[in-house]
Each structure stands twice: as C-alpha cells, then as structure tokens.
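Here are a few quick notes to read alongside the structure. Keep the viewer open and find each residue as it comes up.

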Amino acid sequence: MTWNLSNTTTWSIDENSIDQCGCIHTCQGLEFDYVGVIIGDDLRYENGQLITDASKRAHTDKSLNGLGKMAKEDSEGAERLADEIIRNTYRTLMTRGMKGCYIYCTDQKLSQYIKTKMQG
C-alpha cells in the first residue's frame, strides 16, 4: 500500500484509491462507506490501561511538532497534549466510516482489548 501524500486532492475518490492509505490530515472532514485503521506502536494496552507513547509516533507525522520544545518547559503538559493528540487521531480515523471500520493493531493486547469492547 502507498500513502496518498503525493496524489491529487481528490485521492479518496480517484479510481485507484482502494490501493492507498490516507492519514489523519488528508482524511479530515471526509466520510467513507468503510475505513481501515492501522493503530501503530504509539497506542498500546498494558496493565488494564490504554498507553500512548509519542516516541513511537511516525516521524513523518507533524501533529506532534513543537512538543519537544514544550516538554523542556512543561513536561507534564507536553505529555498530556501528546496523549490527547494520539487518542484524538485514532478516534477521528475510526469515525470516518459510515458503514463500518476495520481495525488492525500492531499491539496484540490492544487488539484483544478492542475485541472485548466490541462484543459488549
């Protein structure tokens, strides 16, 4: 799969878009019949809690830019903001599908946790 970053502004409805991945920035404001969301190493499940880890975020993602500088002045505030951004990113992506959402987690414990929540 390739990222849609260098394609047209209409990538989501282009003929070959089925073979492309979109990110939070190119999917904002769009709705699809179905979406597939890949939850990376920046969100995991351990000891009964959802854990975010900004250091595991893709380096190409600009949504956390500036947090390094902020952390020098307010490390707790920077950590809270990073946590909020990471959680909001996945929440936003998972709500883009009007008919359904497929989720893949790199963390197997998170995958199992989500499955239990979907059964309830």
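1. How exposed is Y113, going by its relative accessible area? This is a predicted model, and in it Y113 has a relative accessible area of 23%. Buried would need under 20% and exposed over 50%, so Y113 counts as partly exposed.

2. Now for the core. The largest nonpolar core has 15 residues, and V37, I39, Y90 and L110 touch the most other members. Two or more residues come from each of α1 (24-27), β3 (32-39), β4 (43-46), α3 (75-94) and α4 (108-119). The top contributor is β3, which gives four residues.

3. Take a look around V37. Leaving aside residues up to four places away in sequence, V37 touches Y90, L93, M94, C101, Y102, I103 and Y104.

4. On to the rings: there are two aromatic pairs. One is Y34 with Y102, a tilted pair at 6.2 Å centre to centre with 40° between the planes. Since Y34 sits in strand β3 and Y102 in strand β6 (residues 97-105), this pair ties together parts that are 68 residues apart in sequence. As for the surface, Y34 is partly exposed at 47% relative accessible area, while Y102 counts as exposed at 59%.

5. Y45 and Y113 form a stacked pair, with 4.2 Å centre to centre and 15° between the planes. Y45 belongs to strand β4 and Y113 to helix α4, so here too the pair ties together parts 68 residues apart in sequence.

Technical notes. Residues numbered from 1 in each chain as written. Predicted model: local features only at pLDDT ≥ 70, side-chain atom pairs only at ≥ 80, totals over all residues. Heavy atoms only, no water. Core = buried A, V, L, I, M, F, W, Y, C linked by side-chain atoms within 4.5 Å. Buried < 20%, exposed > 50% of the residue type's maximum accessible area, 1.4 Å probe, protein only. Contact = heavy atoms within 4.5 Å. Phe/Tyr/Trp six-rings, centres within 6.5 Å; stacked < 30°, edge-to-face > 60°.
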